[in-house]
Number of protein chains: 2
Amino acid sequence: MIIHPQELRAQCRSGAFTGYTAAHCAGFVQANICILPRDWAYDFLLYCQRNPKPCPLLATSEPGSWHLDALGADIDIRRDLPAYHVFREGEFAGEFGDLSEFWRDDFVTFAMGCSFSFEQALLEDGLPLRYLERGSVAGVYETTVATTPAGRYTGPLLVTMRPFSPSDAIRAIQITSRFPNVHGAPVHLGDPAAIGVDLTRRYCDVGDASVGPSEIPLFWACGLTPQKAVAAARPPIFITHAPSSMLVTDLCNSQLASF
Amino acid sequence: MIIHPQELRAQCRSGAFTGYTAAHCAGFVQANICILPRDWAYDFLLYCQRNPKPCPLLATSEPGSWHLDALGADIDIRRDLPAYHVFREGEFAGEFGDLSEFWRDDFVTFAMGCSFSFEQALLEDGLPLRYLERGSVAGVYETTVATTPAGRYTGPLLVTMRPFSPSDAIRAIQITSRFPNVHGAPVHLGDPAAIGVDLTRRYCDVGDASVGPSEIPLFWACGLTPQKAVAAARPPIFITHAPSSMLVTDLCNSQLASF
């Protein structure tokens, strides 16, 4: 049964829903979340501007506000995700279902597009994403490609890998090029070593590394890139969504298409 | 004779070139410039993120730095434009050919794409821009459409108008959609009154207002929008390019195409 994002967020808020959001509210944009103190927000905004592929910013809140009106009229970012990860001085400090006790008047929320949107567009066009059939996600890798630094933030580009036949690869490039706000076109195809990737060594063991014999790996910029850059900068506190526990917005994926 | 942007910037720097940049360095991206104190920069970055059509940000400098390496290796933003407009408390305070005497350690430079790039793409596709033949620019209008506020910045959307036959209008929408970093697709077509525009009343009398009997006016977001919003916020000082005296960058227009 497909429920509306507003209903799913209400279930998160009440504590009734605590699972992964990936398989829910098909057709609606899901967003990566990063919450930072205002002192750390300017450099993050700049980092996103300079690295739009890994950090495709959809909306930024007012300091202290838990609303994100651009993504849904009733959003309470403190409670509308199934789970959050809190980091102190760059170190993981726990998973929580509600941020009310952590909330500060100077918190700024950044919401960024995620690959769930373009994966739906790929599936709708008939392209196979076999890791989804296996209940997994795309493999994540750290590259030797540096992002463009901004103030205190710097770090390597992280990527997700999806394998395709040559003709499907061309089609996947065309389709994802239409969605710059959810990572857009791939950043690399073919030889993983050219960007410093060994397919057997996934970042934090996340996702599926299989590439078939006649397939080519395509690499897209990954939303874990800004999270790693922020952790390395060690702000006193920052908060993200828990893995696969995203903000489900009222925007339709098709609204993000640039052409 | 076509000279390279680096040579044109050197001529600006030495004072040998003081004219309009529009007809020079065909094929290279020209940029709107806004220079603000660091205290006023976060809100401006946010304003650009929330209003990407009028404020398509190409690059942002480090505070105090006069370099913009993303747009050209040798840029000295204090001297590489033919002329600058300096504003104090939101009021015009004079036109200058060199900013050295005004420079502050906390100045942040914002460079934004401008419509010269998509006009070249329209011309290359054979679409007529008759105001150019008449030595003019596209008409500029203030609309009743509000931009999305960010901190101290708010104000109306300003637009440029270009008239086309119906078939050329469709083609113009397709072509400019490929260039989101230079205002992208139009924001409106047809009835000017629907966005509060009277074609006989141009903003500051800028540009050409003619629409032929079988033509449809198309309206694009205009780079004067952020300039008006910043002036209304009355920062102690801000600096822009003088009209039609842009930063000529080393980027090719075709590098900005999204598809």
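Which residue of chain A forms a salt bridge with Glu62(B)? The partner is Arg50(A), and the closest N and O atoms of the pair lie 2.8 Å apart. A salt bridge here is a side-chain nitrogen of Lys or Arg within 4 Å of a carboxyl oxygen of Asp or Glu. The model is predicted, so local features need pLDDT of at least 70 and side-chain atom pairs count only at pLDDT 80 or more, while totals for chains, interfaces and linings use all residues. Residues are numbered from 1 along each chain as its sequence is written, chains are lettered from A and ligands numbered from 1 in the order in which they are written, and side-chain values use heavy atoms, with hydrogens and water left out.

Across the interface of chain B and chain A, two salt bridges are found, along with six residue pairs in polar contact, both residues being at pLDDT 80 or more. A polar contact is a pair of N or O atoms within 3.5 Å; within protein, one must be able to donate a hydrogen and the other to accept it, and residues adjacent in sequence count only if both atoms are side-chain atoms. On the chain B side, α2 (41-50), β2 (57-60), β5 (107-113) and α5 (166-177) each supply at least two of the residues that touch chain A. Helices (H or I, at least four residues) and strands (E, at least two) are DSSP runs, numbered from the N terminus. The most is given by α2(B), with six residues. By class, this side of chain B has ten nonpolar, six polar and four charged residues; Ala, Val, Leu, Ile, Met, Phe, Trp, Tyr, Cys and Pro count as nonpolar, Asp, Glu, Lys and Arg as charged, and the others, Gly among them, as polar.

In total, 20 residues of chain B are in contact (heavy atoms within 4.5 Å) with 20 residues of chain A. The two chains bury about 1600 Å² between them, 57% of it on carbon and sulfur atoms; buried area is the accessible area (1.4 Å probe) that two parts lose on being put together, summed over both. Within chain B, Tyr42(B), Gln49(B) and Phe259(B) lose the most area to chain A, together 39% of what that side buries.

Turning to the sheets, chain B has an open, antiparallel sheet of four strands in the order β6-β7-β9-β8, where two strands pair if DSSP finds at least two bridges between them. Its edge strands, β6 (139-146) and β8 (188-189), each pair on one side only. Strands β7 (residues 156-164) and β9 (residues 216-221) of chain B pair over six bridges, and Met161(B) stands opposite Phe219(B) in β9(B). Helix α6 (residues 224-233) of chain B packs on the sheet, touching β6 and β7, with its direction at about 160 degrees to that of β7(B). Axes are lines fitted to C-alpha atoms, for helices over the stretch in contact, and angles run from 0 to 180 degrees between N-to-C directions.

In chain A, four strands likewise form an open antiparallel sheet in the order β6-β7-β9-β8. Phe164(A) stands opposite Ile216(A) in β9(A). Helix α5 (residues 166-177) of chain A lies across β7, β8 and β9, running at about 15 degrees to β9(A).
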